[in-house]
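Trainee: I would like to go through this structure term by term. For each label, please tell me what it rests on.

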Amino acid sequence: MQTLKSVLEGAAGEGIISADQAGSLLPYMEARGVLLQPPRTAALDIASAAEDRAIAPIEDTEAPRFVRGFHDVLITIGVAIVMAGVWGVGAFFAALPAIIILAEILVKRQRLALPAVLLTLLYVHWVFVTTIIALDSFLGQPEPEPVLHFLLVLVPFAVLLPPFYWRYRIPLSLSLCFLSVAAVVLALIFLGLSRLTGSAEVIADHPIVSSAIFLAAALVLFAVAMVYDLSDRFRVTRRSDVAFWLHLITAPALLYSTLAFVFLGDFANERLFSGSKGLPDALIIVAVVVVLMAIGLVLDRRAFVTSGLVSLGLAVASLLQGVEAAPESYVFLTLLIVGLVVLTIGIGWPHFRRWTMTPLPATLKEKLPPLR
């Protein structure tokens, strides 16, 4: 298959366009994702290294590989049924061998994307259940302090997820690796603060510091997601799939770590979020959600929109309560308003994204996914 450069040079040679026009068209078309390259066999290999695959359609640059056909769906249903039976018959003793055997066949050999996602989740579930059983067996009574117990639960994820990713190269597993490492670091920080302050409930006793730590961790994860995202602006390699899962994790983390500063008083009640806020707090929630939606539009990532739907709904409900709307009406009004927001943004996504991108400098636009 010819390259885009050779096609333009051929057109110039035939007199269809001039050589200067060919030279100008090449960077223009490449900047907008117009590439000519042969599809590679490894492009569909979810277990392969991060290599270029066939260009993602410009109509949807946020298209992680889930399903290549109903075959994937059928196999995934089969995996779910088999693993339910394995758990029922052999409990967690037989679950890990079954997961590994299925991963070797379906992920390593057949390269099926949707079963790979399910097997990753099943592996995470196995690690969690096994860890809880082991802690209950070895620690006994009394249980350790909450922060230490949380750390002991997280450590196996940070240890066992990297080899799973190394073997099968599933984007979701790499994203969960980053999440588990960040969670372990957070637990270590709070454990250190607990030792320094002598407080067993350090999060509730120091809400401002805790909120700042949570926000810093969310920003670090967001930075990691952006490294993967900006390294593949056309979303044609496996790095974009990793970025998709990371954004799916970091979007709610950013939202609720930011809202934690609004809801500092709820730490004392062991609740990070409360729907019974006044008008100023509700407006702040709406403002934060709008900012995150704008970030999602710029990055062409819908995770930033979906992550704020619950908060937006609670904020709208609070606003309707402020105008003394009847309870039987403001619940349905809230659903109606949030639903209309979702539909409006979903249907008009390309237009909203174009309006959001217009004021940005050209140097920044060149690093972001192209407009449709």
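Trainee: What is the mean pLDDT of the protein chain, and what share of its residues reach 70 or more?

Mentor: This is a predicted model. The protein chain has a mean pLDDT of 81, and 79% of its residues reach 70 or more.

Trainee: Which elements have the lowest and the highest mean pLDDT?

Mentor: Helix α1 (residues 4-13) has the lowest, 70, and α6 the highest, 94.

Trainee: How do you know that the span of helix α8 agrees with its number of residues?

Mentor: Helix α8 covers residues 207-230, which is 24 residues. At 1.5 Å a residue the helix should span 34 Å, and its end C-alpha atoms are 34 Å apart, so the two agree.

Trainee: What do the buried residues of α8 pack against?

Mentor: They pack against α6 (171-197), α7 (202-205), α9 (238-259), α10 (279-299) and α11 (303-306). Among the buried residues of α8 are Ile 213, Leu 221, Phe 222 and Met 226.

Trainee: Why are α10 and α14 called roughly perpendicular?

Mentor: The axes of α10 and helix α14 (residues 349-357) cross at roughly 95 degrees. Angles of 65 to 115 degrees count as roughly perpendicular, and therefore α10 and α14 are given that label. The axes come within 9 Å. The contact is made by Ala 294, Gly 296, Leu 297, Val 298 and Leu 299 of α10 and by Trp 349, Phe 352, Arg 353, Thr 356 and Met 357 of α14.

Trainee: Which residues have the most contacts inside the largest nonpolar core?

Mentor: They are Val 79, Met 83, Ile 99, Leu 119, Leu 122, Leu 161 and Ile 170, in a core of 39 residues. The helices α3 (70-109), α4 (113-139), α5 (146-168), α6 and α9 each supply at least two residues of this core. The largest share, eleven residues, comes from α3.

Trainee: What is Leu 122 in contact with, leaving aside its neighbours within four places in sequence?

Mentor: Leu 122 is in contact with Val 79, Met 83 and Ile 99. A second, separate core has 30 residues, including Phe 222, Val 288, Val 298 and Trp 349.

Trainee: Why might nonpolar residues be found in such groups?

Mentor: In soluble globular proteins, nonpolar side chains tend to be buried together.

Methods
Residues are numbered from 1 along each chain as its sequence is written. This is a predicted model: local features need pLDDT of at least 70, side-chain atom pairs count only at pLDDT 80 or more; totals for chains, interfaces and linings use all residues. Side-chain values use heavy atoms; hydrogens and water are left out. Helices (H or I, at least four residues) and strands (E, at least two) are DSSP runs, numbered from the N terminus. The expected span of a helix is 1.5 Å times one less than its number of residues. Buried means under 20% relative accessible area, exposed over 50%, partly exposed in between (1.4 Å probe, protein chains only). Contact means heavy atoms within 4.5 Å. A nonpolar core is a set of buried Ala, Val, Leu, Ile, Met, Phe, Trp, Tyr and Cys residues joined through side-chain atoms within 4.5 Å. pLDDT is the predictor's confidence in each residue, from 0 to 100. Axes are lines fitted to C-alpha atoms, for helices over the stretch in contact, and angles run from 0 to 180 degrees between N-to-C directions. Angles under 35 degrees count as roughly parallel, over 145 as roughly antiparallel, 65 to 115 as roughly perpendicular and the rest as oblique.
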